[in-house]
Amino acid sequence: GLINPIGERVVQKVVEQIAQWREQGMNLVPVSLNVSPRQLQQGHIAECIARALNTYQVPANLVEIEVTESAMVDRGAATSAELDALRAMGIRLMIDDFGTGYSSLAQLHRLDVDVLKVDQAFTHSLAQGSEGEQLYRAIVSMAAALDMHVVAEGVETIEQLRLLQAIGCDEVQGYI
């Protein structure tokens, strides 16, 4: 039962940190927050984020929300309302670890997100022959058709980076 108060504290500290960076004259980039399905189901996360953004006068486009596939696929009315409220504020929605949950490529259009973060297992499969590359190409192609960005998680080698660049992946994340 601690996820909600911990999540609220994390939101407050992240938005406060963004405000401090702004005051220090740093170039600001969006910061991603992972949100649990429970936070979405209980219907207070959008209000919490709005309050923190208002308190610190931070634009909503500097916060991104990452949720699991299962939270997006199995969402009820409360979760949908929270996600709609977040999007209405101008916050980008991201699916974290795409490909490990229930969704399929055919369900992408129903997810209504801005960014797919493709699980590192798919990135690692790039070195195992053409199947991994073909799968990544399909994900990137379908995401582009649905106006979604793709982030490859777990990029660790220059070969993976070059292949993902050639495929047209938007962003990479990892030790490289």
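In which strand is E153 found? In this predicted model, E153 belongs to strand β5. With a relative accessibility of 8%, E153 falls under the 20% limit and therefore counts as buried. Setting aside residues up to four places away in sequence, E153 touches D96, D97, K117, V118, D119, Q120, T123, Y136 and Q173.

Strands of a sheet pair through backbone hydrogen bonds, and the pairing may be parallel or antiparallel. Here, 6 strands form an open sheet in the order β1-β2-β3-β4-β5-β6, and the pairing is parallel. At its edges lie β1 (31-34) and β6 (171-173), each of which pairs on one side only. From one strand to the next, the twist averages 25 degrees.

A walk through the sheet can begin with β2 and β3, which pair in the parallel sense over 5 bridges. Within the sheet, I65 stands opposite L93 in β3. Strand β3 spans residues 92-98 and is mostly covered, since 5 of its 7 residues are buried. On the way to β4, the parallel pairing of β3 and β4 runs over 3 bridges, and I95 stands opposite L116 in β4. Strand β4 (residues 115-118) in turn pairs with β5 (residues 149-153), again in the parallel sense, over 4 bridges. Here K117 stands opposite V151 in β5. K117 is also among the residues that E153 touches.

Attention now turns to a helix. Helix α3 covers residues 45-56, 12 residues in total, and reaches 17 Å from its first C-alpha to its last, close to the 16 Å expected at 1.5 Å a residue. Which residues of α3 are buried? They are I45, A46, C48, I49, A52 and L53. These residues lie on the same side of α3, because they cover an arc of only 160 degrees around the axis. The face turned away from this buried side looks quite unlike it: there, α3 carries the exposed residues E47, N54 and T55.

What do the buried residues of α3 pack against? Their partners are the helices α1 (3-23), α2 (37-41) and α5 (77-89), together with strand β2 (63-68). After α3 comes Q57, whose phi is positive, near 55 degrees.

Note on methods. Residues numbered from 1 in each chain as written. Predicted model: local features only at pLDDT ≥ 70, side-chain atom pairs only at ≥ 80, totals over all residues. Heavy atoms only, no water. Helix = DSSP H or I, 4+ residues; strand = E, 2+ residues; numbered from the N terminus. Expected span 1.5 Å × (residues − 1). Buried < 20%, exposed > 50% of the residue type's maximum accessible area, 1.4 Å probe, protein only. Arc of directions from axis to C-beta. Contact = heavy atoms within 4.5 Å. Pairing = 2+ DSSP bridges. Axes fitted to C-alpha atoms, helices over the stretch in contact; angles between N-to-C directions.
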